[in-house]
Amino acid sequence: SLIAYTAGCGHMLASWLSIFFNVTITKTAGCTIFILLFGPIILMNHRILGKFNSYLFITMCAIFLVLIACIAPHVNFSYLQRNDFGYMWSTIPILLTAFSFQTMVPSLHPYLNHDPKALRMAIIGGTSIAFLVYFIWQMIVHGTVSFDGAHGLKSALLAGEPATHSLGASVGS
């Protein structure tokens, strides 16, 4: 998960610097800047780190809801009827990082007072919420972005670009 977040955020940071400040840096430099900015936070007291993580999580949830609300009117339901499963296997790394609760079990154990029932509920609930969010995101992207064409999902995959670039081009924002 840490590698996925670093790679994704480093890429976003490089894009933002280019868009907002007209500064071009490599994705590797973006990852390095991300590590330098957020790496020291990991070394903080666990209570401060927990609060910081809570703020980031709440912010992420709010942004996701706003994003879904803004994009939902652009969904073309005929796009959801596509069924080319040829690229399905490329989603496995995303699934593994989206559902990486296995690494959190040891840290959840003491927070839940070593209660197996509470731990089981946290894992099932957390996995279900992650799956629901991922499913909604997939429906929004696949229902909004065409498969073929200059800004299609296929061209994004072949160029190694995130689908969010194609999504932005499809909704014009």
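In the predicted model, Phe131 and Phe135 both lie in helix H6 (residues 116–144). Being four residues apart there, the two are separated by about one helical turn. Their ring centres are 6.1 Å apart, and their planes meet at 25°. Planes under 30 degrees apart count as stacked, so the Phe131–Phe135 pair is stacked. Both residues fall between the limits for buried and exposed, which are under 20% and over 50% relative accessible area. Phe131 has a relative accessible area of 47% and is therefore partly exposed. Phe135, at 41% relative accessibility, is also partly exposed.

In total, three aromatic pairs are counted. Another of them joins Phe38 and Phe52. Here the centre-to-centre distance is 6.5 Å, with 40° between the planes. This pair is tilted. The Phe38–Phe52 pair links distant parts of the chain. Phe38 belongs to helix H2 (residues 27–42), whereas Phe52 belongs to helix H3 (residues 46–71). The two residues are 14 apart.

Accessibility was also computed for the Phe38–Phe52 pair. Phe38 has 35% relative accessibility and counts as partly exposed. Phe52, at 28% relative accessibility, likewise counts as partly exposed. Phe38 and Phe52 also belong to one aromatic cluster, together with Phe34.

Terms used. Residues numbered from 1 in each chain as written. Predicted model: local features only at pLDDT ≥ 70, side-chain atom pairs only at ≥ 80, totals over all residues. Heavy atoms only, no water. Phe/Tyr/Trp six-rings, centres within 6.5 Å; stacked < 30°, edge-to-face > 60°. Buried < 20%, exposed > 50% of the residue type's maximum accessible area, 1.4 Å probe, protein only.
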